[in-house]
Amino acid sequence: MIHARGLTRRFKVGRGVVDAVRGLDIDVERGQLVAFLGPNGAGKSTSLRMLTSLLPPTSGTATVAGRDVVSDPAGVRARIGYVGQKNSAGENFRVRDELVTQARCYGLRRAEARRRADEVLALLDLEALATRKPGTLSGGQRRRLDIALGLIHRPGLLFLDEPSTGLDPQSRANIWEHILRLRAEHGTTLFLTTHYLEEADTMAERVVIIDHGRIIADGTAEQLKGELAGDRVTVTVHDEPEAARAAEVAARIAGSDAVTVERRTVRLRVPHAGRTLPEYLRSLDASGVKVATAETARPTLDDVFLALTGRSLRESDESHGTATHGA
Amino acid sequence: MEQPRIDRPRVDRPRPARHQAAGAAPLPPNGVPHSPTGKKGHPVSVRLFLRDTSTVFSREFVPVLREPLGLLFTMGQPLLFLFLFGPLLAGTQSFEGQGSPWQWFVPGILIMMCLSGPMMAGYSLLVELIGGSMERMLVTPLNRTAMLVGRTMKEFVILLAQAALIIVLAVPLGFRPHLPGVLTGLAILVVFGIGLGSLSFVLAIASSPSGNLFYGVTQLVLFPLMLLSGVLLPMDFGPAWLQAAAALNPVTHIVEAERALFSGRFADLSVLYGMLWACVVAAVGLAMGTRAMRRGI
């Protein structure tokens, strides 16, 4: 559905230039659910805007839904749906009117456009709101309307830019319910950006991590966590000399990594904690170290990002927030 | 459910219904290039352009129909000018050889509306650019020029309604419209306004996301353009430098053309100049507007 090679985008900002995207290569097959993850300013939205023909790339090529984004943007537009970061419905317009307009924008006849508008209203539980104006809707309702607008022409490929940002947990869950149902019932290929780690982790079958305009990791959440982060093992002992000895033992374990000691606590990373922990505890016992507590934790995607960049995704989110507008 | 019909000739075959649930057939892709870069003047692209223009126009116009009261409010200002400012001019009696002062003033009010209406179109576009609704339409195959023209057309339907009302109300006051002249004059106004509307869209696009540029420029440009066109008072009494500046102002020529036409003086040279200026503004506006839309927002 998506094949991009060497996609770049440079913005002029004042006298300088910002390379928002620096050489994006990506292939997305039909029916996949891909989450594009990265801090604000990493180039997520810019990439999305290039793939949806909203923004011409500075260099590189991309074929989306079988059409070239540069030479045939109209062909791309007719085949994809796009739900942007902001609210898609105009403030002066009624919900159903906007849906009919959107269908007409895709070339449907009036009667068909009305029928289709009613279908998506039902699909996203918006029927009761048909004659309301967007200003009177709740955040979750507005987001459902945005998705309804993106689905009006039944695209085989739907792009969603931060579909759940700014919503309360209940509305987020509800939006996800709709997104996942869409995929289950219609096999729609979904490409979405998010900076919610948990979302990318639990919902997407493929996570693409982008930072400073480049893809730095690509795989299932499990693969990324297994290969790039590993499980965390935390052991506490009774005094500091014992902790030092426990760290020595830890360093000898096959595949162990990032061993740190902090007072009576030893932390390390291993590929499979379930397999490693019993072995580690036995070795500690043999060395005469008495263990007080032992814990393991599965890594998060934040650990993956940390392992790749040395920064936490949450921290870089804050420091990057205002760096590049909407990129 | 049967295949949805699309009133656009299909060039390529519909995709097979893979991955779609039995109940939902995929819409056939749009095989026709939607942009006017396709084949200019080709009947198919002309029809698509008209359809897209009507889509945009209906979107903009439906809220007006749903809330007609809002329309009355926007008609308030020109009516105030007609009733509170017009009589002042009528009292001055300094319009040598031009008949009733109303003959001179009514075209001026119409031009004033013509300047502010399309600027409002730019403002509404700016609001939609700052929100996400413009982006949502830009990602559809909708023709870019049609987006501009459809929006301006809506402003002009409103403007024509206002113009008709003003003309009708001015008749009891002493205005004597020359019907073919008025119709021709309104046609020039429409052409001029489409150009102005597009220019105001260009400005709105250039001003987003903050919008400050838009407010600044409309204030700085609109008012001098109006004052320098002799809409409210004849330029004949001004100093030479002011008259020279007015001669460079396209609005001046359009006002003069309107005045000649509304009095039935078709042969007046100012009619020709006014028409030319209206066409120039429309051509420049549409060219810049389409370019701005294509370059991405």
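Colleague: What is chain A built from, in helices and strands?
Modeller: There are 12 helices and 14 strands. Keep in mind that the model is predicted.

Colleague: And what does the C-alpha trace of chain A span?
Modeller: About 80 × 45 × 35 Å along its principal axes.

Colleague: How much of chain A is buried?
Modeller: Of its 327 residues, 48% count as buried.

Colleague: What share of the contacts with a separation of 6 or more comes from residues 24 or more positions apart?
Modeller: In chain A, 66% of them.

Colleague: Let's go inside. Which residues touch the most other members of the largest nonpolar core?
Modeller: A:L99, A:A148, A:V207 and B:F192. That core has 143 residues. Helix α4 of chain B, residues 101–130, gives the most to it, with 16 residues.

Colleague: Pick A:A148. What is it in contact with, leaving aside neighbours within four places in sequence?
Modeller: A:L99, A:V120, A:L121, A:L123, A:L124 and A:L126.

Colleague: Which residues belong to the other core, apart from the largest one?
Modeller: That one has 13 residues, including A:V233, A:V235, A:A250 and A:V270.

Colleague: New topic: helix α9 of chain A. How many residues does it have, and how far does it reach?
Modeller: It covers residues 240–252, so to speak 13 residues. From first C-alpha to last it reaches 19 Å, close to the 18 Å expected.

Colleague: Which of its residues are buried?
Modeller: In α9(A), A:E242, A:A246, A:V249 and A:A250.

Colleague: Why do they line one face of the helix?
Modeller: Seen down the axis of α9(A), the buried residues fall within an arc of 100°, so they sit on one face.

Colleague: What does the face turned away carry?
Modeller: Exposed residues: A:E240, A:P241, A:A251 and A:R252.

Colleague: And what do the buried ones pack against?
Modeller: In chain A, the buried residues of α9 pack against strands β11 (231–237), β12 (257–262) and β13 (265–270), and also against α10 (273–286).

Colleague: Switching to sheets. What is the order of the four strands in the open sheet of chain A?
Modeller: β2-β1-β4-β5, with antiparallel pairing. β2 (16–28) and β5 (67–68) are the edge strands, each pairing on one side only.

Colleague: How many bridges join β1 to β2 there?
Modeller: In chain A, 10 bridges join β1, residues 2–13, to β2. One example: A:F11 has A:V18 in β2(A) as its bridge partner.

Colleague: Which helix packs on that sheet?
Modeller: Helix α1 of chain A, residues 44–51. It touches β1, β2 and β4 (59–64), and its direction makes about 120° with that of β1(A).

Key. Residues numbered from 1 in each chain as written. Chains lettered and ligands numbered in written order. Predicted model: local features only at pLDDT ≥ 70, side-chain atom pairs only at ≥ 80, totals over all residues. Helix = DSSP H or I, 4+ residues; strand = E, 2+ residues; numbered from the N terminus. Buried ≥ 20, exposed ≤ 12 C-beta atoms within 10 Å, placed from the backbone. Contact = placed C-beta atoms within 7 Å. Core = buried A, V, L, I, M, F, W, Y, C linked by C-beta atoms within 7 Å. Expected span 1.5 Å × (residues − 1). Arc of directions from axis to C-beta. Pairing = 2+ DSSP bridges. Axes fitted to C-alpha atoms, helices over the stretch in contact; angles between N-to-C directions.
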